[in-house]
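Q: I would like to learn how to read the features of a structure model. Can we work through one?

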Amino acid sequence: MISFSVKTNQRAEFVDITGQVQQAVQELGIADGVVTVFVPHTTAGVTINENADPSVVRDILAALNKLVPRDAGYTHTEGNADAHIKASMMGFSVQVIVDDGRLALGTWQGIYFCEFDGPRSRKVWVEANQQ
Ligand code: ZN
């Protein structure tokens with residue numbers, strides 16, 4: 001397994017980690033197969049979406065904030081209940097096909113680390129799926 005760090009700078013932000021995942025694929029030495037990208041946190045997640053126009057991830061964040069406001073009478077008293085909910089909505093892992101040592105992503109796709117309770121130093125784990 002490869003682990004790398006992601007430093008986030010805001011309470012909520014999407015960080016493009018495609019390059020770091022590609023680097024992990026090279027370090028794992030995978031030519032063809034599937035990798036799992038896993039986020040070992042409860043208030044951050046991971047998703048795949050457009051990395052060509054940055055307004056797309058801004059809109060996703062804005063939509064999540066509308067659906068799950070920061071304060072809405074939650075019972076979790078840490079003050080980050082919205083972050084837990086948003087992280088679960090995005091999910092904690094994605095799988096990507098590796099073809100000829102390269103992540104097989106669509107033309108407009110990037111892999112995003114989704115921070116909902118930053119700024120913090122976070123971890124991402126990448127492992128090759130068994131054949
Ligand atoms: Zn909490």
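**Reading the model**

A: The side chain of Q22 makes a polar contact with the side chain of Q26, at 2.9 Å. Bear in mind that this is a predicted model.

Q: Where does Q22 lie?

A: Q22 belongs to helix 1, residues 18–28.

Q: Is Q22 buried or exposed, and why?

A: The call rests on relative accessible area, and buried means under 20%. Q22 counts as buried because its relative accessibility is 8%.

Q: Which residues is Q22 in contact with, leaving aside its neighbours within four places in sequence?

A: With those neighbours left aside, Q22 is in contact with G101, R102 and L103.

Q: How do I read a sheet?

A: In general, the strands of a sheet pair through backbone hydrogen bonds, in either a parallel or an antiparallel way. Here five strands form an open sheet in the order 1-8-3-5-6, and the pairing is antiparallel.

Q: Which strands stand at the edges, and why is one side of each left without a neighbour in the sheet?

A: The edges are strand 1 and strand 6 (102–103). Each has a single partner strand, so one side of each has no neighbour in the sheet.

Q: How many bridges pair strand 1 with strand 8?

A: Six bridges pair strand 1 (residues 2–7) with strand 8 (residues 121–128), in the antiparallel sense. Within strand 8, V124 stands opposite F4, and K123 stands opposite S5.

Q: What joins strand 3 to strand 8?

A: Strand 3 (residues 33–38) runs antiparallel to strand 8, and four bridges join them. V37 has V126 of strand 8 as its bridge partner.

Q: Which residues form a nonpolar patch on the surface?

A: The patch is made of M1, F38 and W125, which together have about 300 Å² of accessible area. M1 is in the segment before strand 1.

Q: Why does M1 count as exposed?

A: The cut-off for exposed is over 50% relative accessible area. M1 counts as exposed because its relative accessibility is 55%.

Q: Which residues of helix 3 are buried?

A: In helix 3 (residues 81–90), the buried residues are A81, D82, A83, K86 and A87. Their cover includes strand 4 (44–50) and helix 2 (55–67).

Q: What follows helix 3?

A: G91 follows helix 3, and the phi of G91 is positive, near 95°.

Definitions and conventions:
Residues numbered from 1 in each chain as written. Predicted model: local features only at pLDDT ≥ 70, side-chain atom pairs only at ≥ 80, totals over all residues. Heavy atoms only, no water. Buried < 20%, exposed > 50% of the residue type's maximum accessible area, 1.4 Å probe, protein only. Helix = DSSP H or I, 4+ residues; strand = E, 2+ residues; numbered from the N terminus. Contact = heavy atoms within 4.5 Å. Pairing = 2+ DSSP bridges. Patch = residues over 30% accessible without salt bridge, like charges linked within 9 Å, V, L, I, M, F, W, Y side chains within 5 Å. Areas by Shrake-Rupley, 256 points an atom, 1.4 Å probe, with all protein chains shown as cover. Salt bridge = Lys/Arg side-chain N within 4 Å of Asp/Glu carboxyl O. Polar contact = N/O pair within 3.5 Å; in protein donor to acceptor, adjacent residues only side chain to side chain.
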